[in-house]
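Please keep the structure open beside you as you read.

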Amino acid sequence: MHLRRAGLLAAASLAVLPAAPAAADTYTVYGCRGPENALNGADGWALAQIGDANVANTCAAGGALSETLAPGARGGSVARLRFDAPAGTRIVRVSARRRTGGVQRSEQTLDSTYELSTDTAILEKCALAADSPCTSDLVDPVDKQGLDASWARFSVVCTKGGDETCTRTLRADIEQVAVGLKDAAAPTVSGVSVIDNGDTSGVLRLRFDAADAGGGVYRALVKVDGVLKATAPLGGGACTDAAPADADPYQFTVPVPCPPLVTGVPIELDSRALAAGPHTVQVDVEDAAGNATSAYVTQFPRPNVDGGGGNGDPVAPGSTPVAAQTIEEILSARLSMRFDRSKSTRLTNRYGRRVVIRGTLRSTRTGKGIQGARVDVYHLVGKKRRSLTKTGLKTRAGGALTLILPLNLDTRQIRFAYRALRPGPVTSERTLSLTVRDARGELVQRVK
């Protein structure tokens with residue numbers, strides 16, 4: 001916080017750089033001072049001097065990027081500050097707060113020159129000559145847009161011949177500079193694996209790897225039904241928005257702010273954080289320029305039909321595992337269970353005799369049987385034990401269910417639980433009571 005305040009005080013008398021609007025495929029690198037005037041070291045700016053010229057970088061101490069020609073500089077002396085676009089990017093904008101010293105028209109022969117240029121164009125130039133377009137020192141911010149360049153540089157040059165000297169002092173101080181970089185390539189995603197589909201834990205967990213050429217891998221975006229739910233940063237340090245309070249999240253203070261590769265990125269989504277109902281969940285990976293690649297799409301919680309509560313395989317965006325059965329039918333489905341022999345929810349059976357349970361899962365709205373739904377089966381023995389001893393029991397055509405019990409069961413209750421959404425609460429439940437007796441008519445109950 002103290003750095004930000006120091007920067008603001010130092011720049012109190014300076015004009016403010018034009019806002020750099022967020023554009024697709026573009027990020028901004030701020031040198032010397034960030035978008036909120038916090039000081040930085042102007043990473044990416046290379047300093048060069050030839051002959052009687054000087055360059056300096058005092059940005060981190062509250063100064064500027066400076067270049068100077070002293071009086072009497074020999075011909076060919078030059079001071080340069082240069083920014084090279086990182087691999088995979090192009091310069092599309094240069095904005096700067098810069099001040100010149102010594103710029104004026106001169107009736108003498110061309111003496112020295114200040115210039116802001118790229119490899120494709122001269123953006124501004126002040127030649128100390130009678131026909132110079134600059135009548136006085138430059139103090140207003142400069143903002144050049146629509147560029148397509150591989151480098152940008154500020155220069156002061158003694159334009160005299162090698163045996164002559166320049167008579168004037170010429171200086172340029174760049175107190176803040178912002179370079180807009182176009183990074184057109186989206187990140188690549190690999191190694192996506194579902195660690196936990198959330199069916200029983202209620203928390204969807206996955207991992208993936210991602211790589212990016214350009215600004216680097218920035219963050220993961222978790223969207224629910226197309227709306228951003230959460231963001232997860234994938235880099236540290238410089239890989240953070242330099243001005244989190246404004247609407248542009250793609251502003252940084254180094255040319256390549258984020259890592260080119262991240263591995264084993266963990267993402268979690270707790271079903272309890274979502275409103276009731278099935279949702280389309282999408283995880284995107286974004287680079288520093290806002291290019292995004294979808295890493296994973298699924299429904300979570302998922303409708304409990306074929307594909308619901310399964311192995312967590314992703315589905316195509318906009319698709320749904322629900323086909324012939326509507327969400328309304330799945331949500332309104334209710335269980336009906338009975339012993340096949342007694343046609344009721346109670347049965348007294350001789351030990352060792354086969355027991356068959358049948359039932360249906362039907363929508364209370366349409367009466368239609370729900371096919372492919374998973375029903376959990378719990379065995380309650382005595383008063384304390386409750387265990388899930390049958391998983392993956394699924395309804396067949398017409399919503400039919402059949403469960404054949406082992407021959408060695410003793411007295412117990414058998415509870416069938418249906419969840420319309422997985423993970424989710426039980427939406428229909430039925431309990432059957434089984435009494436088992438031996439050949440002498442004695443109750444068979446190992447746990448009481």
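A polar contact is a pair of N or O atoms within 3.5 Å; within protein, one atom must be able to donate a hydrogen and the other to accept it, and residues adjacent in sequence count only if both atoms are side-chain atoms. This is a predicted model, in which local features need pLDDT of at least 70 and side-chain atom pairs count only at pLDDT 80 or more, while totals for chains, interfaces and linings use all residues. Residues are numbered from 1 along each chain as its sequence is written, and side-chain values use heavy atoms, with hydrogens and water left out.

Serine 332 sits in the loop between helix H2 (327-331) and strand S23 (333-339); helices (H or I, at least four residues) and strands (E, at least two) are DSSP runs, numbered from the N terminus. A polar atom of the serine 332 side chain lies 2.9 Å from the backbone oxygen of glutamate 328. Is serine 332 buried or exposed? Its relative accessibility is 8%, so serine 332 counts as buried (buried means under 20% relative accessible area, exposed over 50%, partly exposed in between, with a 1.4 Å probe and protein chains only). Not counting residues up to four places away in sequence, serine 332 touches Arg362, Ser363, Thr364 and Arg365, where contact means heavy atoms within 4.5 Å. Serine 428 is 96 residues from serine 332 in sequence, and their C-alpha atoms are 9.0 Å apart.

**Disulfides**

A disulfide is a pair of cysteine sulfur atoms within 2.5 Å, and by this rule the count comes to 4. With bonded cysteines counted along the chain, the pattern is 1-2, 3-4, 5-6, 7-8.

| Pair | S to S distance | S-S torsion |
|---|---|---|
| Cysteine 32 and cysteine 59 | 2.0 Å | -100° |
| Cysteine 158 and cysteine 166 | 2.1 Å | about 100° |
| Cysteine 239 and cysteine 258 | 2.1 Å | about 95° |

The link of cysteine 32 and cysteine 59 is left-handed. It joins distant parts of the chain, 27 residues apart: cysteine 32 is in the loop between strand S1 (26-31) and strand S2 (45-50), and cysteine 59 is in the loop between strand S3 (53-57) and strand S4 (65-69). Both cysteine 32 and cysteine 59 are buried.

The torsion of cysteine 239 and cysteine 258 makes their disulfide right-handed. Cysteine 239 lies in the loop between strand S17 (227-233) and strand S18 (251-252), and cysteine 258 in the loop between S18 and strand S19 (261-270), so the pair ties together parts 19 residues apart in sequence. Cysteine 239 is buried at 2% relative accessibility, and cysteine 258 is buried at 5%.

The disulfide of cysteine 158 and cysteine 166 is right-handed as well. Cysteine 158 has a relative accessible area of 2%, and cysteine 166 has 1%.

**Cores and the whole chain**

A nonpolar core is a set of buried Ala, Val, Leu, Ile, Met, Phe, Trp, Tyr and Cys residues joined through side-chain atoms within 4.5 Å. Which members of the largest core touch the most other members? Of its 47 residues, they are Trp45, Ile91, Tyr114, Phe154 and Val177. Strand S13 (residues 170-182) gives the largest share of this core, 6 residues. A second, separate core of 27 residues includes Leu335, Val375, Val377 and Leu403.

Overall, the protein has 2 helices and 31 strands, and 48% of its 448 residues count as buried.
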